[in-house]
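Come and look along with me.

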Amino acid sequence: MHPWGYSDQIIVAGSYFASVPAAIRLYGIGLRFIGVLKTATKEYPMGWLSHVVLPEGKGDRRGLTTVDMATATRLLAFVWCDRDRRYFITTCSNIQDDKAINRNQWRQVDRTANAAPVRVQITIRQPRASEIYYAGCSAIDRHVDPGFPFSLTPMSFALRVTNSP
């Protein structure tokens, strides 16, 4: 991972590369990690997170933390609801509110028959870790651009190295 090892940079990984062992291994070489996970991921508390109630719907989140005893790596596993549930693993962030997402959507506000839909703005609370993830993953598949502020990894199709927050 030269030149990034022990640089405290954040690795953002798509679901193909994201896993608990990857997070622990990268932490061991001085890199931080945020990744989104699919449902079939070993060592991830998917059973609990997939069934936890998110009463607020969009913008709600729940998480679990643990420390790997062999490496002292602190891991945060969490679920966040945007349009659907998204599952994350991180060694470097939290689920406190960060930048909100604003969307304009058509809604049936008036419940009378044949009433026209109305365009409304909805605000979805976003946790800090997912904001970092989505800011970094937008550059996955991006070609090397000298004017771009971040360095791309050799495997830029799946991983992204970003500046620390």
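**Notes on strand 4**

Helices (H or I, at least four residues) and strands (E, at least two) are DSSP runs, numbered from the N terminus.

I noted that this is a predicted model, where local features need pLDDT of at least 70 and side-chain atom pairs count only at pLDDT 80 or more, while totals for chains, interfaces and linings use all residues. Residues are numbered from 1 along each chain as its sequence is written, and side-chain values use heavy atoms, leaving out hydrogens and water.

I looked up the pairing next; two strands pair if DSSP finds at least two bridges between them. Strand 4 and strand 5 (residues 85-90) are antiparallel, over six bridges, and leucine 76 stands opposite threonine 90 of strand 5.

Then I turned to threonine 73, which belongs to strand 4 (residues 73-81). Its bridge partner is aspartate 68. Is threonine 73 buried or exposed? I found it buried (under 20% relative accessible area; exposed is over 50%, partly exposed in between, with a 1.4 Å probe and protein chains only), at a relative accessible area of 0%. Eight of the nine residues of strand 4 are buried, so the strand is largely enclosed by the rest of the structure.
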